Amino acid sequence: MSLSIGQNPGYINNIECGINYPSMTGFFYICEYLGITPQEFFDTENVAPTKTRALLEAARGLDGEQIDHLIAIAKGLKRK
């Protein structure tokens with residue numbers, strides 16, 4: 001990953017170990033590499049941000065009743 005975002009081989013490891021912190025530009029490159037937004041990066045409760053985003057995009061354009069059905073499905077799945 002380090003090389004893919006144009007950094008030295010130990011760049012990400014140093015961040016993970018708390019040795020260094022990324023610059024804002026580096027942080028944005030990391031988010032881009034991961035395919036997530038900075039907001040999604042910090043949302044620790046969202047375990048699958050790209051899939052959550054895909055679900056929200058799929059729900060766009062549905063009517064209220066259809067969205068209610070999706071909510072009921074999600075709540076039912078969450079109980080299991």
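This short talk walks through one protein chain, from its overall outline to a few of its residues.

Please keep in mind that this is a predicted model, in which local features need pLDDT of at least 70 and side-chain atom pairs count only at pLDDT 80 or more, while totals for chains, interfaces and linings use all residues. Residues are numbered from 1 along each chain as its sequence is written, and side-chain values use heavy atoms, with hydrogens and water left out.

Let me begin with the whole chain. The protein chain has five helices and zero strands, where helices (H or I, at least four residues) and strands (E, at least two) are DSSP runs numbered from the N terminus. The radius of gyration of the chain is 18 Å, well over the 12 Å that the globule rule gives for 80 residues, so the chain is more spread out than a compact globule; this radius is taken over C-alpha atoms, and the rule is 2.2 Å times the number of residues to the power 0.38. Along the principal axes, the C-alpha atoms fill a box of roughly 50 × 25 × 15 Å. Buried residues make up 16% of the 80 residues, and here buried means under 20% relative accessible area, exposed means over 50%, and partly exposed is in between, with a 1.4 Å probe and protein chains only. Of the contacts between residues at least 6 apart in sequence, 15% join residues at least 24 apart, a contact being heavy atoms within 4.5 Å.

Now to helix 2, which covers residues 24-34 and whose buried residues are Gly-26, Phe-27, Ile-30 and Cys-31. Seen down the helix axis, these buried residues fall within an arc of 140°, so they line one face of helix 2; the arc is that of the directions from the helix axis to the C-beta atoms. What do the buried residues of helix 2 pack against? They pack against helix 1, residues 11-16, and helix 3, residues 38-42. Just after helix 2, Gly-35 takes a positive phi of about 75°.

The aromatic rings come next. The structure holds four aromatic pairs, counted for rings of Phe, Tyr and Trp (its six-membered ring) whose centres lie within 6.5 Å, with planes under 30 degrees apart called stacked, over 60 edge-to-face and the rest tilted. The rings of Phe-27 and Phe-28 have their centres 5.8 Å apart and their planes at 50°, so this pair is tilted. Phe-41 and Phe-42 form an edge-to-face pair, 5.1 Å centre to centre with 80° between the planes. Ring pairs link Phe-27, Phe-28, Phe-41 and Phe-42 into a cluster.

Is Glu-40, in turn, buried or exposed? Glu-40, which sits in helix 3, counts as buried because its relative accessibility is 15%. A polar atom of the Glu-40 side chain lies 2.8 Å from the backbone nitrogen of Thr-37. Leaving aside residues up to four places away in sequence, Glu-40 touches Pro-49 and Arg-53.

I will finish with Lys-75, which has its place in helix 5, residues 64-79, and counts as exposed at 52% relative accessibility. The C-alpha atoms of Lys-75 and Ile-15, residues that are 60 apart along the chain, are separated by 37 Å.

Terms used. Polar contact = N/O pair within 3.5 Å; in protein donor to acceptor, adjacent residues only side chain to side chain.
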